[in-house]
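I set out to read this structure from the whole chain down to single residues. My notes follow in the order in which I looked things up.

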Amino acid sequence: MIKTAIDWHIIGFGAVGQLLHGQLQAAGLSVAVLPRTGRTLATEHTVHSLQGDIKRYAIAATDPSHNDPIRRLLVCTKSFHVTQALADISHRLNESSEVILVNNGMIDRANLTPLIQGARLLFGLNTSGAYRVDDYEVVQAGQGQLRLGPGAEPDWFGRFQAAVPGSSWIVDIEPYRWQKLAVNAVINPLTALHNCLNGDLELERHSAQTQDLIDELTMLLAHQGFAEIAQTFNQECWRVIRQTSQNRSSMNQDAAQHRPTEIEFILKPWLRYAGEHQLAVPNLTQLYDLFRAHVSLTNKDT
Ligand code: KPL
C-alpha cells in the first residue's frame, strides 16, 4: 500500500480503468488504484495497445479506508456501482479534489452531491473500445475519443492529453453527455440482444432497426433543446458504429457473461424523459422490453 502524494487515483479496474491506468503510468504519472471495499488487487496487469505492444504495469493499491486526501479521481466503475464507490472514499474528498466520472449511463447528480464533499465534478465521455481477456489483461480494440469537461480547462489537462490519445477538453459538456447516452442507447442493447459486433448494426438485417432507434433519439435530443447535437446525431451514431465496428459493446459482453447490465442507466433515462413529456418512442420501448425478456431468459439480472 502506498502513502505518498499521488497524481491520480482510479476506482473501478475493468477494461477502461485498466487502459487509463496503463496510459497514465506509461506517461510517468503516479497512479494508485482503489480496490472496492473488501477486495484485493493483483500486483500487476497487462495492456495490449492498438499498435500491438504488450506491456505490464505494476498496480499500486491504496486502501480506500485511509484518510489521505484524494486530489484527482477517475471513477471507471459500472454505473450501478458509482454511488457506493464514492460513498466508500467520500471521507478522502474535499473542495480541492476533482472527481471525473468515466462511466457509461446517466447518474442523478443529486445522488452524488452529498458524497463528493464539495469536490469539482467532471465527466469523461469515452468511446474507445477495450475488452478484458482476463481479470488483469485488457486489449484496446479501437481508438475512440475521451471528452472531458465541463468548465475551465484545468492545468493538469495538457499532461493528461499527452498520456491519453484521443482526449479533448469540452467547456460545455452537457449536450455531449446526452449525445453519448444516446449513442450507447442505440448500440449497447441492440448488440447485446443480437449478440453481434458493433459493426454488424450496419448489416441489412439490423440496419433498419438501428435507424428507427436513431430517429427516435434524434427527436428526443431536439426536444431537450440540443439542436446541434440532434442535427448531427444520425451521422455521429453511424460514425461510432463504424469506428468501433470490431468491438463487442460493454453491454453485449456483460449480457453474454451473465453479469448485471447498465440497461437501467442507459435506456431507462430516455423512456423516463419521453414519458414525462408524453412523447411516443415505440422503438425504444420495444427495445427495452425485448432486452429485459432476453436477459431474463439468459441471466438473473433484474
Ligand atoms: O461505449 C461503448 C460501450 O461499449 O459501452 C461503445 C462506444 C458502444 C463502444 O463499444
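Predicted model: local features only at pLDDT ≥ 70, side-chain atom pairs only at ≥ 80, totals over all residues.

**Entry 1**

The strands concerned are β5, residues 72-75, and β6, residues 98-101, which pair in the parallel sense over four bridges. I then traced the sheet around them: seven strands form an open sheet in the order β2-β1-β5-β6-β7-β10-β11, with mixed pairing. At the edges I found β2 (31-34) and β11 (167-169); each has a single partner strand, so one side of each is left without a neighbour in the sheet. From one strand to the next the twist averages 25 degrees.

**Entry 1: the chain as a whole**

I counted the secondary structure and recorded 11 helices and 11 strands. The radius of gyration is 19 Å, close to the 19 Å that the globule rule gives for 302 residues, so the chain is as compact as a globular protein of that length. Along the principal axes, the C-alpha atoms fill a box of roughly 55 × 40 × 35 Å. Of the 302 residues, 39% are buried. I also checked contacts between residues at least 6 apart in sequence: 65% of them join residues at least 24 apart.

**Entry 2: helix α1**

The buried residues include A15, G17, L19, L20 and L24. As a check on geometry, I compared the span of α1 (residues 15-26): at 1.5 Å a residue, its 12 residues should span 16 Å, and the end C-alpha atoms are 17 Å apart, which agrees. Just after α1, I noted that G28 takes a positive phi of about 90 degrees.

**Entry 3: strand β3 and its partners**

I recalled that in a regular strand the side chains alternate between the two faces of the sheet. With β4 (residues 54-58), β3 pairs in the antiparallel sense over five bridges, and the bridge partner of H45 in β4 is Y57. The two strands form a hairpin with five residues between them, and G52 in the turn has a positive phi of about 95 degrees. I then looked up β9, which runs parallel to β3 and is joined to it by three bridges. There H48 stands opposite V139.

The domain assignment gives domain 1 as 8-171 and domain 2 as 175-300. Their C-alpha centres lie 24 Å apart. Across the boundary, 17 residues of domain 1 are in contact with 18 residues of domain 2. Which elements give two or more residues to the side of domain 1 that touches domain 2? I found β7 (120-126), β8 (129-134) and β9 (137-142).

I next looked up G144, in the loop between β9 and β10 (146-149). G144 is partly exposed, with 19 other C-beta atoms within 10 Å; a residue needs 20 or more to be buried. Leaving out residues up to four places away in sequence, G144 touches several residues, among them N126, G166, Q243 and T244. G144 and T244 are 100 residues apart along the chain, yet their C-alpha atoms are separated by 7.7 Å.

**Entry 4: backbone exceptions**

I kept in mind that most residues other than glycine have a negative phi, and that most peptide bonds are trans. Q117 is not a glycine, but has a positive phi of about 55 degrees. I located Q117 in the loop between α3 (109-112) and β7, and with 16 C-beta neighbours inside 10 Å it counts as partly exposed. N195, also a residue other than glycine, has a positive phi near 45 degrees. This residue, N195, is found in the loop between α5 (174-194) and α6 (204-223); with 13 C-beta neighbours inside 10 Å, N195 counts as partly exposed. Last, I noted a cis peptide bond joining G149 and P150, with omega about 5 degrees. P150 lies in the loop between β10 and α4 (157-163).

Conventions: Residues numbered from 1 in each chain as written. Rg over C-alpha atoms; globule rule 2.2 N^0.38 Å. Buried ≥ 20, exposed ≤ 12 C-beta atoms within 10 Å, placed from the backbone. Contact = placed C-beta atoms within 7 Å. Pairing = 2+ DSSP bridges. Axes fitted to C-alpha atoms, helices over the stretch in contact; angles between N-to-C directions. Expected span 1.5 Å × (residues − 1). Domains from an automatic or database assignment.
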